[in-house]
Amino acid sequence: IDQLSTNQAGHLQIGGVDSLDLVKQYKTPLVVYDVKAIRDQIHHFQKVFQDNGVDFAVSYASKAFACIAMFQLINQEDGHIDVVSGGELYTAIKAGFPMERVSFHGNDKSREELEMAVDHQIGVIILDNFHEIDLLKEVLDDRQSHINVMLRVTPGISAHTHEYDQTGQVDSKFGFDIQSGQARKALGLVLEDDRMNMLGIHCHIGSQIFEVKGFEMAAVKLIDTLAEWNKEIGYVAKVVNVGGGFGIKYTEEDDPIAPEMFVDAIVKAIKKRTEETNMPMPAVWIEPGRSIAGPAGYNLYTVGSRKDVPGIRSYVTVDGGMGDNIRPALYQAKYEAVLAKDPSAPIKETVRVAGKYCESGDILIQKQDLPETKPGDVLAMLDTGAYGYAMASNYNRNPRPAVVFVENGKSQVAIKRETFEDLVSLDEPFD
Ligand code: LLP
């Protein structure tokens, strides 16, 4: 809360714009991104690599929040993106994003998606399983084309985080297992196909991770694997992609290091291990999603009704909820909110902030200290930029909010608010 900016009127200010003016102009619920915060975080990551003298790519994991404007912003900062679906790739194409800076992930890419990736000559397809290797071979033969690939491997690291977010451990739906020789077999299949150019290996050990150790262990495991492959068949990787997952601070209970410090530790671990194993230093790629989009986002809501449960607690309800941010209901994720008209007003009570959806589980914040709050006041929920709008739904047939980008005192719409008309636009009458 300490880093919040306020203007002379004492109102919460985002990107130099009064949050209450944003609400007047665009209504609520509203998702607001502070564009400079996104640029700054990308720069912090880039600087770590430059300081360490290592070739790199900062590849934004667009699943955290994707739209045309976001991709154009990432492009302005020379970022790469990773996509995980034909829809994300289509959005990147529409944004005019340079295809050579796109990586394609996923454990069930369809033939159509692979064709799209090959036809647009994206930067790299990250192969996840044997079926996909076969499928891609077919597509490449069919198209008489070629493509860069990497292998996603599971390094056997269980990151200490929410269990839904663990993906680097052996028992995972993602990637080739190293221990049992799956990854080595996949390497053979890729190398024997002249249409695939084997760039290197990838792992992603989980999300919202606070411990450096897991990342370092995974990085060392990747280098050791490459050293083995080098000894065995002389393979030399150009790229080691260590995924994303760098944790951010959502509430006062969280105390992570700065996201770029994880990367610094990873890069140093990779450097050290490549030296120890006499391997050439590869380029290091990272795929942060949450740490780029999360802290830059704010969800603005208007307070509606209130219910006091005698002797137990008070519920303050807002005009959004699980449809625009499912994370509290799905992961028991915690957030903080402030009163937009006066973020540092004296606290009066602790309330439960509830959404408007017809479901008891639609609670945005279980316990929030707030000043006196009345219907019509605006609440700003903080750090909502990752996996908020991206996971939004039309549950209860509520339209999804508008998304606005702000920078240097100016705002612009990045995604329009859905209308009731939009909601029925795909419906067909029954006869
Ligand atoms: N790379 C790969 C291969 C991934 O699977 C992910 C996230 C990332 C990068 C980016 O991770 P990040 O830096 O954002 O932690 N919906 C969940 C998070 C799912 C993350 C899935 N993969 C949530 O809201 O917490």
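## A loop residue

S393 sits in the loop that joins strand 19 (378-382) to strand 20. The model is a predicted one. In it, S393 counts as exposed because 12 other C-beta atoms lie within 10 Å of its own, and the cut-off for exposed is 12 or fewer. M322 is 71 residues away from S393 along the chain, yet the C-alpha atoms of the two are separated by 8.2 Å.

## Confidence

Across the protein the pLDDT averages 96, and 97% of the residues score at least 70. For the complex, the predictor gives a pTM of 0.97 and an ipTM of 0.99. Where pLDDT is low, predicted coordinates should not be read in detail.

## Two domains

The protein is divided into domain 1, made of 5-34 + 296-424, and domain 2, made of 54-290. Taken over C-alpha atoms, the centres of domain 1 and domain 2 are 33 Å apart.

Contacts between the domains involve 14 residues of domain 1 and 14 residues of domain 2. On the side of domain 1 that touches domain 2, the elements that give two or more residues are strand 20 (402-407) and strand 21 (410-415). That side of domain 1 has 10 nonpolar residues, three charged residues and one polar residue.

## The ligand and its surroundings

The ligand is surrounded by 22 residues, and the closest are S207, G244, G289, R290 and Y387. Helix 10 (290-293) and helix 11 (327-331) are the elements that give two or more residues to this shell. By class, the shell has 10 polar, seven nonpolar and five charged residues.

## Helix 2

Helix 2 covers residues 35-52, which is 18 residues. At 1.5 Å a residue the helix should span 26 Å, and the 27 Å between its end C-alpha atoms agrees with this. The residue that follows helix 2 is G53, with a positive phi near 65°.

Which residues of helix 2 are buried? They are V35, A37, I38, Q41, I42, F45, V48 and F49. An α-helix has 3.6 residues a turn, so residues three or four places apart point the same way.

Technical notes: Residues numbered from 1 in each chain as written. Predicted model: local features only at pLDDT ≥ 70, side-chain atom pairs only at ≥ 80, totals over all residues. Near = placed C-beta within 6 Å. Helix = DSSP H or I, 4+ residues; strand = E, 2+ residues; numbered from the N terminus. Nonpolar A, V, L, I, M, F, W, Y, C, P; charged D, E, K, R; others polar. Domains from an automatic or database assignment. Contact = placed C-beta atoms within 7 Å. Expected span 1.5 Å × (residues − 1). Buried ≥ 20, exposed ≤ 12 C-beta atoms within 10 Å, placed from the backbone. pLDDT = per-residue confidence, 0-100.
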